[in-house]
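The following exercises are to be worked through with the sequence and the structure at hand. Each task is followed by a stepwise solution.

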Amino acid sequence: AAGLVFKERVKIMTVNFNDQEGVESHKGAQDFVFWNIPQVQFKNPDVQIVTLKNMTPSPFITCFLEDNSKVYFDVDSQSNKEIMDRLIKTLGKTKQTLDA
C-alpha cells in the first residue's frame, strides 16, 4: 500500500476531534491522528497538518487547497481505515500517477 500521497494542490490538512474516553463517534478520528498522521506527514512533507482537539461536537477533517478552496470530510463514527480510504480516493494521487 502506497498510503496517502496528496495531490500537489493540497497545502494544509486539519483534523478536528475530541479525545475524551468513551466517545465512540470520535474514535476513528483519534485512531487516525495516532496511527495514520505520522505516515501521512512522512509521505507529504510539504503539507501542513494541524490537529485541533476538543473544539467540535462532531469530528471532521478540512483540506485547504492552493486556490483557497476547502474540502470538508465528515468523519463522525468512521474508522481510521475508512477515513484513510476516503482521503486517498478524494485527494490522493492515483496508483498510476505514483507508479509513473
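**Exercise 1. Placing a residue**

In which helix does N80 lie? Identify its contacts beyond the local sequence as well.

Solution. The structure is a predicted model. Step 1: N80 belongs to helix α2. Step 2: leaving aside residues up to four places away in sequence, N80 touches G28, D31, F32, W35 and N36. Step 3: the C-alpha atom of N80 is separated by 8.2 Å from that of K27, although the two residues are 53 residues apart along the chain.

**Exercise 2. The packing of α1 and α2**

Determine how the axes of α1 and α2 are oriented to each other, and state which residues make the contact.

Solution. Step 1: helix α1 covers residues 27–43 and helix α2 residues 80–91; their axes come within 8 Å and cross at roughly 55°. Step 2: angles under 35 degrees count as roughly parallel, and 65 to 115 as roughly perpendicular. The two helices are therefore oblique to each other. Step 3: the crossing in which α1 passes α2 is right-handed. Step 4: on the α1 side the contact is made by G28, A29, D31, F32, W35, N36 and V40, and on the α2 side by N80, I83, M84 and L87.

**Exercise 3. An aromatic pair**

How many aromatic pairs are there, and what is the geometry between F34 and W35?

Solution. Step 1: the count is 1 aromatic pair. Step 2: F34 and W35 form this pair, with 4.8 Å centre to centre and 80° between the planes. Step 3: planes over 60 degrees apart count as edge-to-face, so the pair of F34 and W35 is edge-to-face. Step 4: F34 and W35 are both exposed.

**Exercise 4. Positive phi values**

Locate N54 and N68, give the phi of N54 and of N68, and classify the accessibility of N54 and of N68.

Solution. Step 1: most residues other than glycine have a negative phi. Step 2: N54, a residue other than glycine, has a positive phi near 60°. N54 is found in the loop between β2 (48–53) and β3 (60–65). Step 3: N68 is not a glycine either, and its phi is positive at about 70°. The loop between β3 and β4 (70–74) holds N68. Step 4: N54 counts as partly exposed because its relative accessibility is 39%. N68 counts as exposed because its relative accessibility is 70%.

How values were computed. Residues are numbered from 1 along each chain as its sequence is written. This is a predicted model: local features need pLDDT of at least 70, side-chain atom pairs count only at pLDDT 80 or more; totals for chains, interfaces and linings use all residues. Side-chain values use heavy atoms; hydrogens and water are left out. Rings of Phe, Tyr and Trp (its six-membered ring) pair if their centres lie within 6.5 Å; planes under 30 degrees apart count as stacked, over 60 as edge-to-face and the rest as tilted. Buried means under 20% relative accessible area, exposed over 50%, partly exposed in between (1.4 Å probe, protein chains only). Axes are lines fitted to C-alpha atoms, for helices over the stretch in contact, and angles run from 0 to 180 degrees between N-to-C directions. Helices (H or I, at least four residues) and strands (E, at least two) are DSSP runs, numbered from the N terminus. Angles under 35 degrees count as roughly parallel, over 145 as roughly antiparallel, 65 to 115 as roughly perpendicular and the rest as oblique. A crossing is left-handed if the near helix is turned anticlockwise from the far one by less than a right angle, and right-handed if clockwise. Contact means heavy atoms within 4.5 Å.
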